[in-house]
Amino acid sequence: MFDCAATVAGVPDQDTLCDLLTAVLDVLSGADLDEVDSAALGAHIALLHRQTQRLQAERLRRLAAHDRRVAWRSAGARSAKEWLSSACGLTRGEAAGQVQTAQQLSELPATSARLAAGEMTLGQARVVTSTASRAPVADRAELDRMAAETVDQGTDTGRLRTAVDDWAHRCDARLLADRREAAYRRRSATFGRGGDGSVTINARMDPLSGEMWLTAMEALSAPAGEADARTPEQRRADAMAELARRGLDSGDLPLVGGQRPHVTVTVDVATLQGLGGGPPPRFDYGGAVCTETARMLACDAAVTRVIMAGVSQPLDVGRASRTVTAAQRRALITRDGCCRGCGAPPGWCVAHHIVHWVNGGATDLANLALLCWTCHDNVHHRGWTLKQDSDRRWTLQPPASLGRQPISRLRTTPAAPPRTPSPSTRPGGHGGPQGPSRHVRRTDRPP
Ligand SMILES: [Zn+2]
Ligand SMILES: [Zn+2]
């Protein structure tokens with residue numbers, strides 16, 4: 001099957017060994033896994049994981065040797081990073097990181113040996129190399145020994161990082177300060193938009209900013225009771241949205257174009273009433289959204305009436321008026337006390353119209369219910385409904401298709417006491433003088 005002609009004293013040469021490796025992977029990846037029993041499959045996964053680590057180590061060992069010989073120059077590249085990026089299809093940043101790790105590992109024999117034996121993961125090795133690169137040359141051997149001994153005792157990446165950080169601080173307190181500065185210089189945030197209208201966020205922060213962010217996320221992303229079916233990833237995404245909403249509602253953000261920053265959706269009255277045929281609602285930044293999102297925002301927002309002449313010519317712009325007044329909100333908080341779906345405190349909540357005002361529903365207490373952002377979203381987009389109990393208070397019911405109980409914060413923790421918002425302590429800013437941070441521009445055709 002394999003051509004092993006090119007051997008020296010029975011040991012195949014390096015090219016033949018690499019061909020063998022490729023051939024073995026070809027055979028493995030072509031195998032019918034239905035023929036393999038589950039126990040063997042599990043053992044194979046563990047073995048392949050370990051061998052993947054070993055392959056990574058060997059690749060980096062060869063990369064370091066290639067770099068030491070400056071072999072990239074004869075391939076026409078200007079640096080090892082440029083050569084690796086082109087040869088392996090990596091970004092410049094990825095290639096730079098790998099060249100650096102390879103160079104540093106070649107100076108850390110104990111760490112390299114653990115990596116080559118599959119006893120240490122590449123992530124763990126990077127914990128060691130990133131600190132070694134900043135440590136005084138004379139101290140690197142000690143770090144290498146300490147890290148290898150820690151791994152030999154059977155530790156995970158988190159505990160190895162703690163041990164390496166402790167060592168760095170003992171060795172020279174400036175090491176952690178330098179690392180912090182490097183992280184600060186590399187800080188960045190990028191935003192993208194998916195084809196489905198979703199927004200993606202990719203951020204890198206210095207340790208302190210990251211700690212503030214993680215602390216805020218922790219506070220806002222706890223499960224809302226046992227029946228909360230959201231994944232941790234979904235809860236964190238909801239927490240990020242909640243943090244942005246609170247920032248906007250606080251009224252403390254700098255003005256943009258002379259106005260308090262707010263989410264604006266522009267929507268035709270007929271569309272808002274649920275009639276088809278018109279243009280879709282549009283966000284100022286994000287483009288078209290579904291009608292129900294506009295109706296959800298319009299439940300509790302400032303609304304400006306714009307009379308249009310033609311599709312894009314505003315003829316007359318009216319004053320913004322609030323759909324729910326501060327007095328109505330205070331009365332609603334006194335009656336409902338908390339989110340009627342999950343028990344979230346009033347600072348997290350908006351006023352939902354049971355019968356939407358655009359369909360003739362009155363903005364008075366009998367037609368309003370206090371709902372947190374998540375529960376409000378469930379009502380407008382996912383078919384959750386409100387039922388009135390004997391105290392004339394509303395409770396939220398999931399659609400029958402979900403077949404589960406409402407989110408149970410109402411039952412597991414006592415509801416927050418009703419609070420009366422004031423400008424100095426306004427919860428989420430809803431009751432403050434600034435008005436809600438959601439704005440609906442309602443467009444009408446001229447009569
Ligand atoms: Zn809720
Ligand atoms: Zn609503």
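Begin the tour at the second largest pocket of this predicted model, which has a volume of about 1,000 Å³. Select R126, S130, R134, R186 and R204: of the 26 residues that line this pocket, these are the closest to its centre.

Next, colour the helices that contribute to the lining. Helix 5 (92-105), helix 7 (122-132), helix 9 (157-171) and helix 10 (174-185) each provide at least two lining residues. Helix 5 gives the largest share, with seven residues.

Now move to the zinc ion (ligand 1). Display the side chains of C339, C342, C372 and C375, whose SG atoms are its protein donors and lie 2.3 Å from the ion. Along the sequence, these donor residues follow the spacing C-x2-C-x29-C-x2-C. The angles among the four donor atoms run from 104 to 116 degrees, and the site is tetrahedral. For comparison, the ideal angle for four tetrahedral donors is 109.5 degrees.

Finally, select the zinc ion (ligand 2). Which residues coordinate this ion? They are C299 through SG, H352 through ND1, and H376 and H380, each through NE2, at 2.0 to 2.2 Å. This site is also tetrahedral, with angles of 99 to 124 degrees among its four donor atoms. The spacing of its donor residues in sequence is C-x52-H-x23-H-x3-H. Highlight C299 in helix 14 (residues 291-299) and H376 in helix 16 (residues 373-382): this pair, 77 residues apart, links distant parts of the chain. Both C299 and H376 are buried.

How values were computed
Residues are numbered from 1 along each chain as its sequence is written. Chains are lettered from A and ligands numbered from 1 in the order in which they are written. This is a predicted model: local features need pLDDT of at least 70, side-chain atom pairs count only at pLDDT 80 or more; totals for chains, interfaces and linings use all residues. Side-chain values use heavy atoms; hydrogens and water are left out. On a 1 Å grid over the protein atoms alone, a cavity is a set of points where a 1.4 Å probe fits but cannot get out, and a pocket is an open set with protein on both sides within 12 Å along at least five of seven lines; lining residues have an atom within 4 Å of a point. Grid points are joined across faces, edges and corners, and a volume is the space filled by probe spheres set on the points. Helices (H or I, at least four residues) and strands (E, at least two) are DSSP runs, numbered from the N terminus. Donors are N, O and S atoms within 2.8 Å of the metal (3.2 Å for Na, K and Ca); water is not among the atoms, so sites may look incomplete. Four donors count as tetrahedral if all angles lie between 85 and 135 degrees; four count as square planar and six as octahedral if opposite donors are over 155 degrees apart and all others between 65 and 115; anything else is irregular. Buried means under 20% relative accessible area, exposed over 50%, partly exposed in between (1.4 Å probe, protein chains only).
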